[in-house]
Amino acid sequence: MEAVKTFLEAVGLITTAVSILLVLATAVGWALGIAPLMYRLGLGRWSRKISIAAESSVYDSLKTDLIDSGVFREKNIQQISKTTLSKAKDANLMLVHYASFDENEIKTIISNKKSSAGMVVYFPDFSPTNRIPDDVSKLINNEPHSVLVNFRGRLINDILVTLLSTSYEKK
């Protein structure tokens, strides 16, 4: 009887030790996996600027959406208009309203974009008769860190993902 009791105590001690080690390993793994993302998100939210390329009426609406989401502070949002397309060279994160520009202006924005910069192209008027020309679509697709969005509700999500994927220094 004493041997069974000793055996059960040993098994209990071993399973408790293994459980504690698994919980600790899970906590450390989770912290190491999520901590860099949280740091990037916090850093991006606090200091990253987003440039909205759009005509004034659309710019105001998109800016309001970004501020209301709580992701960006108002002072970190700037506009790129038809007369200031060269500002795309300085942008690290851009939201481009496709309908605000003609095809050549869109190509100019894309060619001015830094390869490390994120770009979300908003094209809400998608229909079988109204679509982005194939050559422009290919240009957008060939750019790193770029996404084409046609639903307003997806904008914040795609901007956040782009923010996370471009808010670190490459070593």
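Trainee: Where is Ala 88 found?

Mentor: In the loop between β2 and β3. Keep in mind that this is a predicted model.

Trainee: Is Ala 88 buried or exposed?

Mentor: Buried. Its relative accessible area is 0%.

Trainee: What does Ala 88 touch, not counting residues up to four places away in sequence?

Mentor: Ile 80, Met 94, Ile 109, Asn 112 and Lys 113.

Trainee: And how far is Ala 88 from Ser 69?

Mentor: Their C-alpha atoms are separated by 24 Å. Along the chain they are 19 residues apart.

Trainee: Let's do α2. What span should its 14 residues have?

Mentor: Helix α2 runs over residues 56–69. At 1.5 Å a residue, it should span 20 Å. The C-alpha atoms at its ends are 20 Å apart, so the two agree.

Trainee: Which residues in α2 are buried?

Mentor: Val 58, Tyr 59, Leu 62, Lys 63 and Leu 66. They cover an arc of only 130 degrees around the axis, which puts them on the same side of α2.

Trainee: What covers the buried residues of α2?

Mentor: The cover includes four strands: β1 (50–53), β2 (77–80), β3 (93–97) and β4 (118–122). Helix α5 (152–166) is part of the cover too.

Trainee: Which exposed residues sit on the face turned away from the buried side of α2?

Mentor: Ser 57 and Asp 68.

Trainee: What happens just after α2?

Mentor: Gly 70 takes a positive phi there, about 80 degrees.

Trainee: Where else is there a positive phi, in a residue that is not a glycine?

Mentor: Look at His 145. Its phi is about 60 degrees. His 145 sits in the loop between α4 and β5 (146–149). It is partly exposed, with a relative accessible area of 27%.

Trainee: Back to α5. At what angle do α2 and α5 pack?

Mentor: About 60 degrees, and the axes are 11 Å apart. That makes α2 and α5 oblique to each other.

Trainee: Is the crossing of α2 and α5 left-handed or right-handed?

Mentor: Right-handed.

Trainee: Which residues meet there?

Mentor: From α2, Ser 61, Leu 62, Asp 65, Leu 66 and Ser 69. From α5, Arg 152, Leu 155, Ile 156 and Ile 159. Leu 62 and Leu 66 are also among the buried residues of α2.

Trainee: What about Asp 158? Where is its place?

Mentor: In helix α5. Asp 158 is buried, with a relative accessible area of 10%.

Trainee: What is Asp 158 in contact with, leaving aside neighbours within four places in sequence?

Mentor: Three valines: Val 120, Val 147 and Val 149.

Trainee: Next pair. How do α3 and α4 cross?

Mentor: Helix α3 covers residues 103–112 and helix α4 covers residues 134–142. Their axes come within 11 Å and cross at roughly 15 degrees. Angles under 35 degrees count as roughly parallel, so α3 and α4 are roughly parallel to each other. The crossing is left-handed.

Trainee: Which residues meet between α3 and α4?

Mentor: Glu 103, Ile 106, Lys 107 and Ile 110 in α3. Across from them are Asp 135, Val 136, Leu 139 and Ile 140 in α4.

Trainee: Glu 105 lies in α3. Does it count as buried or exposed?

Mentor: Buried, at 15% relative accessibility. Beyond its neighbours within four places in sequence, Glu 105 is in contact with Lys 82, Leu 85 and Ser 100.

Trainee: How far apart are Glu 105 and Thr 15 in space?

Mentor: 66 Å, C-alpha to C-alpha. In sequence they are 90 residues apart.

Trainee: Where is the place of Leu 24?

Mentor: In helix α1, residues 2–47. Leu 24 is partly exposed, with a relative accessible area of 49%. C-alpha to C-alpha, Leu 24 and Asp 68 are 38 Å apart in space. They are 44 residues apart in sequence.

Trainee: Last one. Where is Ser 116 found?

Mentor: In the loop between α3 and β4. Ser 116 is partly exposed, at a relative accessible area of 35%. Ser 116 and Asp 135 are 19 residues apart in sequence and 22 Å apart in space, C-alpha to C-alpha.

How values were computed
Residues are numbered from 1 along each chain as its sequence is written. This is a predicted model: local features need pLDDT of at least 70, side-chain atom pairs count only at pLDDT 80 or more; totals for chains, interfaces and linings use all residues. Side-chain values use heavy atoms; hydrogens and water are left out. Helices (H or I, at least four residues) and strands (E, at least two) are DSSP runs, numbered from the N terminus. The expected span of a helix is 1.5 Å times one less than its number of residues. Buried means under 20% relative accessible area, exposed over 50%, partly exposed in between (1.4 Å probe, protein chains only). The arc is that of the directions from the helix axis to the C-beta atoms. Contact means heavy atoms within 4.5 Å. Axes are lines fitted to C-alpha atoms, for helices over the stretch in contact, and angles run from 0 to 180 degrees between N-to-C directions. Angles under 35 degrees count as roughly parallel, over 145 as roughly antiparallel, 65 to 115 as roughly perpendicular and the rest as oblique. A crossing is left-handed if the near helix is turned anticlockwise from the far one by less than a right angle, and right-handed if clockwise.
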